[in-house]
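The structure comes before the details.

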Amino acid sequence: MKSEFSQEFFVSANEANPEGELGTPILVTNLIEVATRAAMDLGIGNPTMAHLNAGWVLSRLTIEMSGYPKVNTYYTIITWVESWNRHFSVRDFEIIDSEGKTVGYARSIWMVLNTVTHENFGLSHLTLPEGSIPERPCPIPRQEKHIDIYSAESEEVPASALRANGEGRRYTFKYNDIDFYRHVNTVRYVSLLLNSYTLEEFDQNYLSRLELSFLHEGNFGETVEVRRFNHSDSLSSFSLFSEKKGMPILFARIRLSKRDV
């Protein structure tokens, strides 16, 4: 049994960011694509669960990069299963540029969603083929726990929480934000978060670490308040607070690193 799955991609101009590198939303898209194809290769993909009204959804994603593949070059994503239990599966990734250099890793946690009730379906109905979990660790730190971020106008903030100190804004999810499961697509969250930064900030820095923790589903027509807490010039935490649900639906951390001059 082959325990790793790999796929090659090309960075076209429309997939590159203004700095001439692979755009983070495209990277996230392709990580999900590779995970999907790898699951199908193992016989545990979404088509095998269609009759159960069930399918894989992302619960957490952590990406750590030392650089990004350049425009008009090829790169490869390798993926493997790190662990597996009744409720979740952990899948890791390695990103290799056209020169054969490892430029990043990612760790993801997946669950199977009941597409009718939108509850955790569990993994007990799936059988992972023997020998499909290699003894290969993912070298990046695990994702930290999420922290509640209160709005800047909040009168009282618990000691365990943060008060937003960055520019906030509101966004209402529209048709193009929604995917097959009729909830907000992961990549739309990433784009929404990155649009909190300026062009100058990304001209001077690159995204070196991204943590996403999905707490509740976001839905069409739902308005969220983007709350931001700046720990430093390079590290920020975000909370997307649903006005309808009265709770956060996503927590994220983004770390920037200076570009080489």
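## Cavity lining

E3 contributes the most to the lining of the largest cavity, with 3 residues. Strand E1 (4–10), helix H1 (24–41) and strand E3 (74–84) each provide at least two lining residues; helices (H or I, at least four residues) and strands (E, at least two) are DSSP runs, numbered from the N terminus. Among the residues that line the largest cavity are Lys-2, Phe-5, Ala-38, Trp-80, Arg-91 and Ser-132. By class, the lining has 5 nonpolar, 3 polar and 4 charged residues. Ala, Val, Leu, Ile, Met, Phe, Trp, Tyr, Cys and Pro count as nonpolar, Asp, Glu, Lys and Arg as charged, and the others, Gly among them, as polar.

## Model and cavity search

This is a predicted model: local features need pLDDT of at least 70, side-chain atom pairs count only at pLDDT 80 or more, and totals for chains, interfaces and linings use all residues. Residues are numbered from 1 along each chain as its sequence is written, and side-chain values use heavy atoms, without hydrogens and water.

The whole structure holds 1 cavity of 30 Å³ or more. The largest cavity has about 70 Å³ of space. A cavity is a set of points on a 1 Å grid over the protein atoms alone where a 1.4 Å probe fits but cannot get out; lining residues have an atom within 4 Å of a point. Grid points are joined across faces, edges and corners, and a volume is the space filled by probe spheres set on the points.

Ser-208 lies in strand E9 (residues 205–214) and is buried at 6% relative accessibility. Buried means under 20% relative accessible area and exposed over 50% (1.4 Å probe, protein chains only). Beyond its neighbours within four places in sequence, Ser-208 contacts Ile-63, Glu-64, Met-65, Arg-255, Leu-256 and Ser-257, where contact means heavy atoms within 4.5 Å.

Ser-160 sits in the loop between strand E6 (149–150) and strand E7 (162–163) and is exposed, with a relative accessible area of 65%.

Methods
On a 1 Å grid over the protein atoms alone, a cavity is a set of points where a 1.4 Å probe fits but cannot get out, and a pocket is an open set with protein on both sides within 12 Å along at least five of seven lines; lining residues have an atom within 4 Å of a point.
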